[in-house]
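Visitor: I would like to go through this model label by label. Please set each value against its cut-off.

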Amino acid sequence: MTPDAPIRRAGFADLYALTGDAIPQSGNFVEWLEAGWKVLSEALTDQTAQAHDIVASGNTVMLQYRMTALHSGTFAGTPATGRRVEWDEIGVLHFDDEGKITDLWFMCQELSLAGQIGYKTRLSQGVSVDQG
């Protein structure tokens, strides 16, 4: 990975922002690990990933995978439920000519996960997330 590789994370960062918490949506990968991954990995422990599709073209690789984890800490303002949760994610990685990752983008099913830990969603003039 290049030292300045940016990471962009849609989904969990949006869910945290909607609930008043904050994890970075983007930034340098190393900085994001310290500020974002720590929060997620403490709330969602015992994580596993099962890859379903890996597609490559040129210097870009796209992954589709299923994550499972134990909701064992506060996640997006919701205390631990002790439940096993699962969601799908897509990752897009760009590589340089030396084979190092230069850019990462991840998108996940945050509303599916929110429902599993007790949030209810409703559509009005947009999506609102209420804990209930």
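This is a predicted model: local features need pLDDT of at least 70, side-chain atom pairs count only at pLDDT 80 or more; totals for chains, interfaces and linings use all residues.

Visitor: What share of the residues is buried?

Guide: Buried residues are 34% of the 132 residues. The protein exposes about 7,300 Å². Carbon and sulfur atoms supply 54% of that area.

Visitor: What share of the contacts comes from residues 24 or more positions apart?

Guide: They account for 49% of the contacts with a separation of 6 or more.

Visitor: Why is Thr 60 called buried?

Guide: Its relative accessible area is 18%. Buried means under 20%. Thr 60 is under that limit, so it counts as buried. The residue is found in strand β4.

Visitor: What makes the pair Thr 60 and His 94 a polar contact?

Guide: Their side chains are joined at 3.0 Å. The cut-off for N or O atoms is 3.5 Å, so the distance qualifies. Thr 60 also has a side-chain polar contact with Asn 59, at 3.3 Å.

Visitor: Asn 59 and Thr 60 are neighbours in number; why does that pair count?

Guide: Residues adjacent in sequence count only if both atoms are side-chain atoms. This contact joins the two side chains, and 3.3 Å is within 3.5 Å, so the pair counts.

Visitor: Which residues does Thr 60 touch, leaving out those up to four places away in sequence?

Guide: Thr 60 touches Val 55, Val 92, Leu 93 and His 94.

Visitor: Is Val 61 buried or exposed?

Guide: Val 61 has a relative accessible area of 19%. The limit for buried is under 20%, so Val 61 is buried. Its place is in strand β4.

Visitor: How many salt bridges does the structure hold?

Guide: The structure holds 3 salt bridges.

Visitor: How do you know that Arg 84 and Asp 46 form a salt bridge?

Guide: Their closest N and O atoms are 3.2 Å apart. The cut-off is 4 Å, so the pair qualifies. Arg 84 lies in strand β5 and Asp 46 in strand β3, 38 residues apart.

Visitor: What makes Arg 66, Glu 86 and Asp 88 one network?

Guide: Salt bridges that share partners join them. Glu 86 pairs with Arg 66 at 2.6 Å. Asp 88 pairs with Arg 66 at 3.0 Å. Both distances are within 4 Å, so both pairs are salt bridges.

Visitor: Why is Asp 88 not called buried?

Guide: Asp 88 has 23% relative accessibility. Buried needs under 20%, so Asp 88 counts as partly exposed. Arg 66 at 24% is partly exposed, and so is Glu 86 at 36%.

Visitor: Which residues touch the most other members in the largest nonpolar core?

Guide: Leu 44, Phe 75, Val 85, Trp 87, Leu 104, Leu 113 and Ile 117 do, in a core of 21 residues. Strand β6 gives the most to this core, with 4 residues.

Visitor: Which residues make the nonpolar surface patch of about 320 Å²?

Guide: Val 55, Met 62, Ile 90 and Met 107 make it.

Technical notes
Residues are numbered from 1 along each chain as its sequence is written. Side-chain values use heavy atoms; hydrogens and water are left out. Patches are made of residues with over 30% relative accessible area and no salt bridge: like charges are joined within 9 Å, nonpolar side chains (Val, Leu, Ile, Met, Phe, Trp, Tyr) within 5 Å. Accessible areas come from the Shrake-Rupley method with a 1.4 Å probe; for residues, only the protein chains shown count as cover. A salt bridge is a side-chain nitrogen of Lys or Arg within 4 Å of a carboxyl oxygen of Asp or Glu. A nonpolar core is a set of buried Ala, Val, Leu, Ile, Met, Phe, Trp, Tyr and Cys residues joined through side-chain atoms within 4.5 Å. Buried means under 20% relative accessible area, exposed over 50%, partly exposed in between (1.4 Å probe, protein chains only). Helices (H or I, at least four residues) and strands (E, at least two) are DSSP runs, numbered from the N terminus. A polar contact is a pair of N or O atoms within 3.5 Å; within protein, one must be able to donate a hydrogen and the other to accept it, and residues adjacent in sequence count only if both atoms are side-chain atoms. Contact means heavy atoms within 4.5 Å.
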